[in-house]
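Hi,

Here is the structure I said I would pass on.

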Amino acid sequence: MTPTLPASDPQAFPAQAPHFSPARVAGDLVYVSGQMAFASGYTLVAGGVAEQTRQCLRNIEAALAPVGLSLDHVVKTTVWLARSDDFPAFNAAYADALAGRTPPSRSTVRADLMVPGALVEIEAVALRA
């Protein structure tokens with residue numbers, strides 16, 4: 001059975017019905033579920049897409065921490081943006097957050113997001129090797 005990883009603060013990032021795991025280990029890979037810009041209290045951070053992007057990446061790092069990984073281990077991300085016009089600000093914040101690291105491969109698409117006010121959602125795959 002593949003273990004489910006807890007979020008670093010389970011009160012801040014509760015499981016959502018019907019099923020939600022912040023991250024799952026599968027061999028040498030860790031799959032991090034799509035993260036939105038939720039801070040403690042399960043509320044979206046204030047500000048625009050840049051602030052939300054930084055929070056999404058912090059949430060990914062928090063999901064990876066229980067297995068000793070960080071953003072340095074991320075090999076692939078998938079990004080959903082609520083507005084195409086937000087791409088330049090998103091891309092700048094994403095590049096800044098990953099500065100000094102080998103950038104992961106990335107897919108970025110525009111999509112309607114499930115949470116009102118959410119501007120970005122990011123999922124990740126990390127390598128434990």
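Glu 61, Asp 72 and Arg 101 are joined in a network of salt bridges. Keep in mind that this is a predicted model, with the distances below computed from it.

Between Glu 61 and Arg 101, the closest N and O atoms sit 3.9 Å apart. That pair links distant parts of the chain, 40 residues apart: Glu 61 belongs to helix α1, while Arg 101 is in the loop between α2 (87-97) and β7 (105-110). The other pair is Arg 101 with Asp 72, whose side chains meet in a salt bridge at 2.7 Å, N to O.

How exposed are the three? Glu 61 is partly exposed, at 28% relative accessible area. Arg 101 also counts as partly exposed, because its relative accessibility is 25% and that class lies between 20% and 50%. Asp 72 has a relative accessible area of 52% and is exposed.

The count for the model comes to 5 salt bridges. Another one to look at is Glu 51 with Arg 54, 3.9 Å from N to O. These two are 3 residues apart in helix α1 (residues 49-64), which means that about one helical turn separates them. Glu 51 is partly exposed at 33%, and Arg 54 is partly exposed at 29%.

The Thr 77 side chain makes a polar contact with the side chain of Tyr 94, at 2.8 Å. Leaving aside residues up to four places away in sequence, Thr 77 touches Tyr 94 and several others, including Pro 104, Arg 106, Ile 122 and Ala 124.

As for the overall picture, the protein has 2 helices and 8 strands, running β-β-β-β-β-α-β-α-β-β from the N terminus. Of its 129 residues, 40% count as buried. Among contacts between residues at least 6 apart in sequence, 70% join residues at least 24 apart. The accessible surface comes to about 6800 Å², and carbon and sulfur atoms account for 56% of that.

Cheers

How values were computed. Residues are numbered from 1 along each chain as its sequence is written. This is a predicted model: local features need pLDDT of at least 70, side-chain atom pairs count only at pLDDT 80 or more; totals for chains, interfaces and linings use all residues. Side-chain values use heavy atoms; hydrogens and water are left out. A polar contact is a pair of N or O atoms within 3.5 Å; within protein, one must be able to donate a hydrogen and the other to accept it, and residues adjacent in sequence count only if both atoms are side-chain atoms. Contact means heavy atoms within 4.5 Å. Helices (H or I, at least four residues) and strands (E, at least two) are DSSP runs, numbered from the N terminus. Buried means under 20% relative accessible area, exposed over 50%, partly exposed in between (1.4 Å probe, protein chains only). Accessible areas come from the Shrake-Rupley method with a 1.4 Å probe; for residues, only the protein chains shown count as cover. A salt bridge is a side-chain nitrogen of Lys or Arg within 4 Å of a carboxyl oxygen of Asp or Glu.
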